[in-house]
Amino acid sequence: MKKTIRDIDVKGKKVLVRCDFNVPMQDGVITDDNRITAAMPTISYLKEHGAKVILMSHMGRPKGQPKMEYTLQPVADRLSQLLGQDVKFVSSPVVVDDAVRAAAAELAEGDIMLLENVRFRKEETDNDAGFAKDLADLAEIFVQEAFGTAHRAHASTAGVADYLPAVSGFLIEKEVKFLGGAVDEPERPFVAIMGGAKVGDKIPVIENLLKKVDALIIGGGMAYTFYKAMGFEIGKSILDADNIDFAKELLEKAEAAGVKMLLPIDVVCADAFSNDANTVIVDRDQMPADMEGLDIGPKTVELYRETLLAAKTVVWNGPMGVFEMPNFAVGTKAIAEVLAEADAVTIIGGGDSAAAVEQFGLADKMTHISTGGGASLEFLEGKVLPGIAVIEEM
Ligand code: ADP
Ligand code: MG
């Protein structure tokens, strides 16, 4: 078990918190502040427990230069609004300078300060020890709260922990509990749903999960590479030609491991990659040569429903069809509804899958929606994430 902010005494201590405030911006205005509100429970906890809070984050890709279009000033303003108190922001082109040190030293219990975009320094992504120490010297405790960058060993995500005791914030605690818990000690039956465009993008995840799950459900564009491996006509469907052999191998591995592997049994075929395309729904061995598969069909949904409703743990990564087009979002939505109904721990990992679930208004029906696209995939691959590895064990 990783130590969290609950396990330490923060009263009167300067606490340096790595957040993920990499929010979308348009013309200097934040267009979606989800990532800021997500960090509020941790920030509020620290404040209420008398910590002197110093927040840091990256935003965008200033590429190691103090480019002011990437200043965190708008984030400081939004934080002040949300917290109902003035969040101190000392914008420095080098992130930490004497003015910043002085401001940090003057903090009183419950005060909150935000540092400038850590990627204004190229030493950030280089995980430079000097920069990490400059950051660490501002504080006495490091709190990891940025899951979106936890798979990167940067100065502010990993390096600082060489100089400070590190614990997790509430967001990281939840990610470790659910993603880690699912992979390491899932309640069974444990079912993984893999979708998305290409098999090639997900090979390490599928290989790792195949060792753990009771059933593996395949959907989305990657299904056609499996169909190809099985000898079906796939028409103009998306094909990951380099990975046909891999698909074949996976089918064999699943069989050998006694993992139930489910592939779509019917397909929504379209005559163009367009929401207005003409469509037919056919069994999987009947795909017309001049059409492409853009969604799973209703028989497939029924088949998957049975397995999913019997599951105790479900991990879902990758949509079942081209859900961005309403006419091909039906399968993805149906699966999301099954998960909402299922009496199981349901975990959504992957940017597009999370977006799909939000779009259907089902986000609050899931046990956990991971906040880190790339990071959640690496977690599911069984990799050690540098930003998580630095957090102290109990
Ligand atoms: P995630 O972000 O959840 O990991 P991916 O990025 O792997 O998911 O895959 C999402 C993309 O896969 C979506 O843009 C979706 O349109 C695409 N996709 C799903 N099914 C198909 C299909 N049958 N043909 C082409 N693209 C598909
Ligand atoms: Mg994606």
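D343 forms a salt bridge with K312, with the closest N and O atoms 3.5 Å apart (a salt bridge is a side-chain nitrogen of Lys or Arg within 4 Å of a carboxyl oxygen of Asp or Glu). The pair links distant parts of the chain, 31 residues apart: D343 in the loop between α12 (330-341) and β16 (345-348), and K312 in the loop between α11 (298-309) and β15 (313-317). This is a predicted model, in which local features need pLDDT of at least 70 and side-chain atom pairs count only at pLDDT 80 or more, while totals for chains, interfaces and linings use all residues. Residues are numbered from 1 along each chain as its sequence is written, chains are lettered from A and ligands numbered from 1 in the order in which they are written, and side-chain values use heavy atoms, with hydrogens and water left out.

**Salt bridges**

- The structure holds 22 salt bridges.
- D343 is exposed at 60% relative accessibility, and K312 is partly exposed at 28% (buried means under 20% relative accessible area, exposed over 50%, partly exposed in between, with a 1.4 Å probe and protein chains only).
- R35 pairs with D20 in another salt bridge, where the closest N and O atoms are 3.7 Å apart. R35 sits in helix α1 (residues 34-38) and D20 in the loop between β1 (14-18) and β2 (25-26), so this pair ties together parts 15 residues apart in sequence. Helices (H or I, at least four residues) and strands (E, at least two) are DSSP runs, numbered from the N terminus.
- R35 is partly exposed, with a relative accessible area of 35%, whereas D20 is buried at 11%.
- K333 and E337 also form a salt bridge, their closest N and O atoms being 3.7 Å apart. They are four residues apart in helix α12, which means they are separated by about one helical turn.
- K333 is partly exposed at 37%, and E337 is partly exposed at 38%. Elsewhere, salt bridges that share partners join D98, R101 and D134 into one network.

**Covered strands**

- Strand β12 (residues 266-270) is mostly covered, with five of its five residues buried. On one side those are D266, V268 and A270, and on the other V267 and C269.
- β12 pairs with strand β13 (residues 279-283) in the antiparallel sense over five bridges (two strands pair if DSSP finds at least two bridges between them). V268 has I281 of β13 as its bridge partner.
- β12 is also joined to strand β14 (residues 292-296), by four bridges and again antiparallel. Here C269 stands opposite G293.
- Strand β10 (residues 215-218) has A215 and I217 pointing one way and L216 and I218 the other, and all are buried.
- Strand β9 (residues 190-194) runs parallel to β10, joined by four bridges. M194 stands opposite I218.

**Charge on the surface**

- R61, K63, K67 and R152 gather in a positive surface patch. Patches are made of residues with over 30% relative accessible area and no salt bridge, with like charges joined within 9 Å and nonpolar side chains (Val, Leu, Ile, Met, Phe, Trp, Tyr) within 5 Å.
- The charge is placed at NZ of Lys, CZ of Arg, CG of Asp or CD of Glu; accessible areas come from the Shrake-Rupley method with a 1.4 Å probe, and for residues only the protein chains shown count as cover.
- R152 is in the loop between β7 (141-144) and β8 (166-168) and is partly exposed at 39%.
- D245, E249, E252 and E255 form a negative patch. E249 belongs to helix α10 (residues 244-257) and is partly exposed at 41%.

- Most residues other than glycine have a negative phi, and most peptide bonds are trans.
- K63, from the positive patch, has a phi near 55°. K63 lies in the loop between β4 (52-56) and α3 (73-83) and is exposed at 66%.
- V95 has a phi near 70°. V95 is in the loop between β5 (88-89) and α4 (98-105) and is buried, with a relative accessible area of 0%.
- A cis peptide bond joins R188 and P189, with omega about 0°. P189 falls in the loop between α7 (170-184) and β9.

Notes: Lys, Arg positive; Asp, Glu negative; His and termini not counted.
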